[in-house]
Amino acid sequence: MLIIAVFLTLVSCKAIWGNKSEVKSWSIPAMLALVTTGFVFWLVALGMEFIFLALALGIGFALGLFLPVVALSFFLSCLILRPWEFLPDQQALLELPRAGALLCLVSLALAKLKDANLDFRWTAELTAFALLTVVMALSALLSFNSSESFEFLVDHLVPISVLMLLLLNGIRFDWEQQSVITVIVISICGLLCQAIWSTLTDPTFVHGISRLQTTNLLGNANDLAACIVIALPFSLWSIFSTGSGVMLRSIGFISLPILLGGLWLSQSRGAILALFVAFLVYQLGIRRRVSWQGALVLLAPIVALLLLQRDAGEIAASSNSRWNYVLAGLGMVKTNPMLGVGVGNYPHFYDFYTPQFLEWGERTAHSSWLLILSEAGPLALLLFATMVLLTLARAWKIRDRYPAYLIAFSGYTVTMTFLSHTYLFLPYVLIALIITQSHLYRVKELESLKKDSKPEAKLIKTVPVVHFLSFILALLFCFEVNPAKAEQTAGNSATEVKLLGAGGIHKPLSTAPLSNDIELFGSRGEVLHFLVQLRSKESCSPLGIAQWSDRADLEANFYIIEFIETQKPSFTGAKPGSYPDPLVPYRVGESLCFKDQRWMLGAVKIPRSQKPGVYSTKISFGGQQLALKVEVWKMVIPEEPTIPFYTEMTTWWNVLGHFGKYESQEAHLAKIYHQLLRKHRIETLSPRIVGPKVEHKSGRPVLNITTHPDREQSFASVNLEGRPDWAYYGFPLVTPDKIYDTETVDYFKAIEWAIGEVGREDRAMIYLWDEPQKDVLPQVRDLARIAKKHSPSLKVMVTITHHELLEPYIDIFAPVMDQYDAEGFPPPKVYHRLQDQGKEVWWYVSCMSHGCMALADSGIPDLVIERPSAHIKVLSWLTSRYGIDAFLYYHVNYAYQFFPKRDPWESQWDFSGNGDGTLVYPGRPGMFDLREHTALASLRLKLLLESSQDGEYINWMEQLDPVPDWWTKQFKQLVPDTRNWNRNYKAYRDLQIKAGRYLNALNG
C-alpha cells in the first residue's frame, strides 16, 4: 500500500502543480499537516510494527480529501488488498471500508461545491442496473426466506451501487482515469505477490497444494486469475502505448512478470480461455487482422492449457461438477420461472435440484449468468446481460484509442462465466470505468469539434445534485459495512479471527478447556487427539501446520467436525438438537470458509521409531497461531491391544449407504471400511459378501474360502486379508431352522478343515447366537454341541449371561454390561471362574442403557451420539476394572441399510437411540469435496481409539510389582462399578497422563 500511496502522492503533486493558479498558499502546509496527523493516528492504532502501513494510510486519507480521484483510487486499493483480512487482530483496519467510502463522498462533495458543478452522470447501463436491483428485490421478498434473502441483497448490491456512482462522478479527466487504472493494476500485483509468496514459502502450502491461494476475499486461485485477466491488458497497454510516460512504462514492466507468474501458479483453465478470447478480440476487433505473430500469441493459451499441472482426476471431477451446477440451476428456474428461487438461495437449493451428488452441501453456481438466472429469473438475466452488452458496445466504440478496456472486459466476461461474481464488486467497477472512459473520450471529441456546449450532444445525461445527494445519503444509510457478511461486496471486511485449542476430545465441545497452546503426552505408536476452535464472524483462510522442531517424524492430521441434527432424544435428559459427530478429513493448506465458529479435530500419530523427547510446532489460521507441544514417552503402544475391541459390519449395507442400490463395489468398500476400523484398533468378527461354500473333496467336506463366488469377494479376501494374527476371525452362523440338518454337520466339519488351512487354530470362532431367550436355550446348547464335536478348534461365542446349561459348550460368554455385576444376575466371581478354566468373557453395551423402547438411563455407558466423551472413554477402564477379555459392539453401519429412504447423514434413529449401531458415515463423491467413495469416521470412533490406548497404560500400571498405592486408589475411585463411574472426561485423561509420566520415569 505504501507504493500506491507514493504513486498517489506523485499524482497529487502533478495535479496541484499543474494548476498553480488555483493553489492557495495554505494548501501545501494543510496537506502536510493532514498527512502527519493521519500517519500519527494510524501509527498509534496499529503500532510501530506497521509503520509503513500507517504512513500509507495517512497519505491516502490526507490526499484523498483534496482530490476525489485520490480518494477513489485509495478506496479501490483497500477493497482489493483488504489489509483487514491479512491483519485480523487490528481492529482499526475493520473500519477501512466505511471510512474509505465516506472519504470518497466527502472529497467528491467538496470538489462539486468548489467547481459549482451540481450534476451527476446517469447512463443506460445504470438504468439497467437499477431495474435489475428492483427485480432482485422482488425475488428476495417473494422467496421462502424473504428476510434473509433481502438482507443478502442489501449487503451486496447497495455497496456496489455506491461504488459505481462514485466512479462515474469522481473522475473528470483522462489522467485521473489512468491513475485509477494504474492503482488497480498495482493493487492486484500486490495481492498476487502476497499470494505467490504464500504459495511458494509458507509452511501451510507445503502439503501438495500447488495452486495460487491467499488469505483474502479474492484469495481463491480462480478469483486471483480473474483479477489477472483484468490487469494484464492494462499492464501491456502502459508498456506499448505511445502516450505512456516513464513511470507508467516502468509500472507495466514490473507488473507484467508478476501477472504472468500468478497466472501460471493459479492453474486456472477459465483464465487461460479468457485470455485466448481477449487476444482474439484484439486481433480481429482492434488490429482487424491476424498476423503470424498474433497467431503465435493465440496459440500460447492453448499450449498453457496442455501444460497445466493439475491432477487429471481433479479436472475431470471439476468438469462434471460444473455441468451438474448448470443442471441444478436450470432445474431451479424451471420450477420458479418468474423470479427464481430468491437472491442468495442457490446454495440452499442445490442438493434438491442436483441430478447426481457429485458435489454435496451448499454449493454456488460457479457461473455469474447461471447464478442470476436461477436466483432472480430470466428477466434479471436479461437486464444483467443488457448491462454487460451495453458496456461492451461502449468499449468497442473506444477500442482504437483505448483498446485495453475492450480486451479486459471481454476476457473478464469469459472468466465470470465460470465464477460466481454476480455479487462481487469487480465487474461493476470495470463497467463504471468503461462508462467513464467512454464519456471522457466523447467529451474530447466534442471539444475538438467545438460542440461540447450543446446539451443534446452529450453522451451521458446529468441529473440535479439534490437528487444525487439524496440518493447517495440513502444508500450510505443502508451501507452498514458488516465485516462478517457479504463475502463478495465492495464494503465487506473480515472480522477478528481467534484460534484456540485443547488436548483430548471433550464432548460436549463447550466443555473443552480452550487456550492459546496445546500440550499432548503419549507413547510411541500412540495417536493423540486435540480440539481446535476457529472463531470469526466470517472467514476464509487455510489452516496449516509448520514443521516440527528437531525434524520430528510426527504425523498431524486434521478433521472438520460436522454436526448431526437429532429429532428425538436417545435417553432421559437428552434434548433434540445439533451434535458433533461426523469427521471430514481436511487437506492442510486448503481454504476453510465458515461463519461464527468451526471446530476441528487434530490427530498426532507418534511413530514407533520416534526418539523420546519434547517436540513443538505451530498451527496457523487467518494470521493467528496456536502452539502445539508433544511430549513423547519411552513406552511403545503394542500392536496387539490389551483389550481387543470387536464389532460386526454388514458389507451389503455399505453398498446401500453409498449408492442406495446395487453396485459392484461391495468388496472394495469392505476393504476401505476395514482399513478405517483397524486404524482405530477395532476388528470385525465375521464380515462376508457371501458365505463360504461347502464342497466335497476325497469324500470329506471342505470349505471354499478362496474362490467362492470369486477371489475378490471370497471369505479369505473379505474376512482374512489384512487381519492381524492376534485377532479372532469368525465364520458365518447357522440359522435356527437348520440346526438339525445334515448340512450343518458337514458345515462344521468343513470349518475344521478350513481352520487348518488358515493356520490360526486358536483364533477361529463363531458368533453362534445373539441374545438367545430362555425358551431357546436347549437349541443353543444343541447347536453349540454340534459345533464343538465336529469343529473342536472352533471357539463358540454367545451374547448371554452365564448359564450352566451352556457352560460345557461355550468358549466365550458375552453378557451385556447392564447384566454384569448387577442384582439378579451371575456375580463377577462366576466369570472369573470361567476365565480360570481357560474360557473368555467379553461384554457389550446395548440399547438397554438408554432405553430400547422408551427413554431410560441405566447408568451403563453407551455410544449414542448425544453422550459426553466419558461414556466412551470409560469403556477400557471398566473392562480393565473387571478383568474382561474383550469389548464387543454389535454393529458399525446399521443405519446404512435404510438409504436412500433414510440417509444416515440425516437420521440414525435406531433402537430408540441416535447412532446406536452406527459409528461411521458414508463419504460419497461431491460431499465435502470428496472425489471418491470413502469411509468417514466419527468422534465416537476416535474416542474408542483413545479408550483402547488407555487400556495399555492401565495394563502397564497393573503389571508393576508392586502396584503403586496412589494408582490403585485413584483407579478404583474413577470406576467403582459399572454404574457409578466418574462422568468427568478430564479425570480419566489426567490419571492416564499421570500414569504415563510415572512409567516414563521408570523406563529411564
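Y896 counts as buried, with 0% relative accessibility; buried means under 20% relative accessible area, exposed over 50%, and partly exposed in between (1.4 Å probe, protein chains only). The model is predicted, so to speak of local features a pLDDT of at least 70 is needed, side-chain atom pairs count only at pLDDT 80 or more, and totals for chains, interfaces and linings use all residues. Residues are numbered from 1 along each chain as its sequence is written, and side-chain values use heavy atoms, leaving out hydrogens and water.

Let us start with the whole protein. Of its 1004 residues, 58% count as buried. There are 30 helices and 24 strands, taken as DSSP runs numbered from the N terminus (helices: H or I, at least four residues; strands: E, at least two).

Now to the sheet. An open sheet of 8 strands runs in the order β12-β11-β20-β19-β18-β17-β16-β15, with parallel pairing; two strands pair if DSSP finds at least two bridges between them. At its edges are β12 (682–684) and β15 (729–731), each pairing on one side only. Helix α25 (residues 777–790) packs on this sheet and touches β16 (764–770) and β17 (795–799), its direction making about 165° with that of β16. Here a contact means heavy atoms within 4.5 Å, and angles run from 0 to 180 degrees between N-to-C directions of lines fitted to C-alpha atoms, for helices over the stretch in contact. Within the sheet, 3 bridges join β19 (residues 840–844) to β20 (residues 886–889), and W843 stands opposite F887 in β20.

Aromatic rings come next. The structure holds 40 aromatic pairs: rings of Phe, Tyr and Trp (its six-membered ring) with centres within 6.5 Å, called stacked with planes under 30 degrees apart, edge-to-face over 60 and tilted for the rest. W237 and Y402 make an edge-to-face pair, 5.8 Å centre to centre with 90° between the planes. W237 is in helix α10 (residues 221–240) and Y402 in the loop between α17 (378–397) and α18 (403–415), 165 residues apart. Y402 is buried at 3% relative accessible area, and W237 is buried at 13%.

Y673 and Y896 are also edge-to-face, at 5.9 Å and 75°. Because Y673 lies in helix α22 (residues 666–679) and Y896 in the loop between β20 and β21 (909–910), the pair ties together parts 223 residues apart in sequence.

| Arginine | Ring | Distance to ring centre |
|---|---|---|
| R881 | Y882 | 5.2 Å |
| R924 | F899 | 3.9 Å |

Definitions and conventions:
A charge sits over a ring if NZ of Lys or CZ of Arg is within 6 Å of the ring centre and within 35 degrees of the ring normal.
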